[in-house]
Amino acid sequence: MDVSLDLYRVFYTVAESGSLTAAAEKLYLSQPAVSQKLRQLEETLGCRLFLRTSRGVRLTAEGETLRRHVGDGLDHIRLGERKLREQLSLDSGEIRVGASDMTLQFFLLPYLERFHALYPSIRISVTNGPTPETARFLAQGAIDFGVVSEEVPDGMPGGEEYAGDFTCLPVSGIQDVFIAGTRFRELAGNPLPLAELAAQPMICLKDNSSTRRYIDRFFADRGVTLTPEFELATSELIVRFAERNLGVGCVVRDFALPAIERGTVFELTPAELPPPRRLCILQSGLPVSHAAESLLKFIMA
C-alpha cells in the first residue's frame with residue numbers, strides 16, 4: 001500500500017488538534033484541502049478514521065490505532081531530521097581513521113587534537129595498524145580514510161596495496177635512518193658501505209609493514225640481502241633496543257630524534273640513505289560521512 005507521507009502528516013495533525021480548522025491553520029492549508037486529504041487517506045485505507053461532532057472531529061477506533069503508530073513514525077522522522085542537522089553542523093557524527101604508530105604520532109595526532117577541540121561532539125575512532133592492513137580496512141569500508149607511509153617513491157616497483165580505486169594524496173615527508181648506541185661508535189664518521197651496514201646486527205620492523213618491505217627492497221636493489229637480528233612490532237621498540245646496544249636500528253628519523261638529542265644513540269652515515277618517503281592520505285571511491293569530509297578538509301587546509 002503506497003500512501004503519501006503528507007497524508008499521514010495531515011491525519012496526525014487533525015487527530016492531535018481535534019479540529020479541521022485548527023489543523024488547517026497549523027498546516028498552512030485551507031480547510032477544504034485538509035478535508036480532501038483525509039477523504040483520500042480513508043479511501044486508500046478502506047475505513048473511516050474520523051467522526052464529525054458538534055465540537056469538531058474525533059477518531060474512530062481504527063483512527064485511534066492508526067494515530068498511535070503514525071505518531072511514533074513521525075517522531076522517528078523528526079528525530080532523524082534532527083540527527084541529520086546535528087551531523088551537518090558537526091554537533092554529532094563519527095569519523096573512522098586508519099593509521100600506523102608513525103603516521104598517528106608524527107602527523108595525524110596534532111590535527112585530531114585541534115579538530116576535537118573545535119568539534120568535541122564528533123566521535124573519532126582510530127584503527128591502528130601497518131599500511132597493508134589500513135588499505136585492507138579501507139577496501140572493506142571499515143574506515144573512512146587512512147594515513148599511510150608511501151611505500152613507492154620515484155617509481156620504485158611495488159605498492160600493490162594501492163591498486164584499485166584508491167587515491168594517495170601526499171601530505172608530508174619522512175626519512176628512514178640508521179641508529180646505534182655507544183657500543184657501535186666505531187661505525188661513526190666515514191660513509192659506511194651498505195654491505196657492511198647490513199652485516200651488523202640489524203633491528204627492523206616486522207615484515208608485515210610497508211616500511212620493512214621498502215627497506216628490504218632498497219638493500220636488495222643494491223645487491224645486499226638484509227637479515228635482521230631483531231624484528232619488532234613498533235618503531236618505539238627499535239629505538240629502545242638500539243639504546244641498549246643490541247644492534248643497529250632502522251627507523252624513521254622522527255622516532256629517533258629524542259634519543260639522538262639525549263645522546264643515547266647516534267645516527268650512522270651510510271654510503272647511501274634510502275630515498276625520502278611521503279605520508280599520504282589514502283582514500284577509496286566510497287562516500288564518507290560529513291564529519292570525515294570535514295576532517296579531511298581541515299587536514300588539507
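Modeller: On a 1 Å grid over the protein atoms alone, a pocket is an open set of points with protein on both sides within 12 Å along at least five of seven lines, whereas a cavity is a set of points where a 1.4 Å probe fits but cannot get out; lining residues have an atom within 4 Å of a point. The model discussed here is predicted, so local features need pLDDT of at least 70 and side-chain atom pairs count only at pLDDT 80 or more, while totals for chains, interfaces and linings use all residues. Residues are numbered from 1 along each chain as its sequence is written, and side-chain values use heavy atoms, with hydrogens and water left out.

Biologist: Which residues lie nearest the centre of the largest pocket?

Modeller: Ser100, Pro130, Leu205, Ser209 and Ala233 do, out of 19 lining residues. The volume of this pocket is about 290 Å³, a volume being the space filled by probe spheres set on grid points that are joined across faces, edges and corners. Helix H5 (101-118) and helix H8 (210-220) each supply at least two residues of the lining.

Biologist: Which residues line the largest cavity?

Modeller: Cys204, Leu205, Thr211, Arg212, Ile215 and Cys250 line the largest cavity, whose volume is about 30 Å³. H8 gives the most to this lining, with 3 residues.

Biologist: What makes H2 roughly perpendicular to H3?

Modeller: Helix H2 (residues 20-27) and helix H3 (residues 31-45) pack at an angle of about 100°, with their axes 9 Å apart. Angles of 65 to 115 degrees count as roughly perpendicular (under 35 is roughly parallel, over 145 roughly antiparallel, and the rest oblique). H2 is therefore roughly perpendicular to H3.

Biologist: Which residues make the contact?

Modeller: Leu20, Thr21, Ala24 and Leu27 of H2 meet Gln31, Val34, Ser35 and Leu38 of H3, where contact means heavy atoms within 4.5 Å.

Biologist: Why is the pair of Phe11 and Phe50 called tilted?

Modeller: Rings of Phe, Tyr and Trp (its six-membered ring) pair if their centres lie within 6.5 Å; planes under 30 degrees apart count as stacked, over 60 as edge-to-face and the rest as tilted. The rings of Phe11 and Phe50 have centres 5.5 Å apart and planes at 55°, so the pair is tilted. This pair links distant parts of the chain, with Phe11 in helix H1 (residues 5-17) and Phe50 in strand S1 (residues 50-53), 39 residues apart. The structure holds 9 aromatic pairs.

Notes. Helices (H or I, at least four residues) and strands (E, at least two) are DSSP runs, numbered from the N terminus. Axes are lines fitted to C-alpha atoms, for helices over the stretch in contact, and angles run from 0 to 180 degrees between N-to-C directions.
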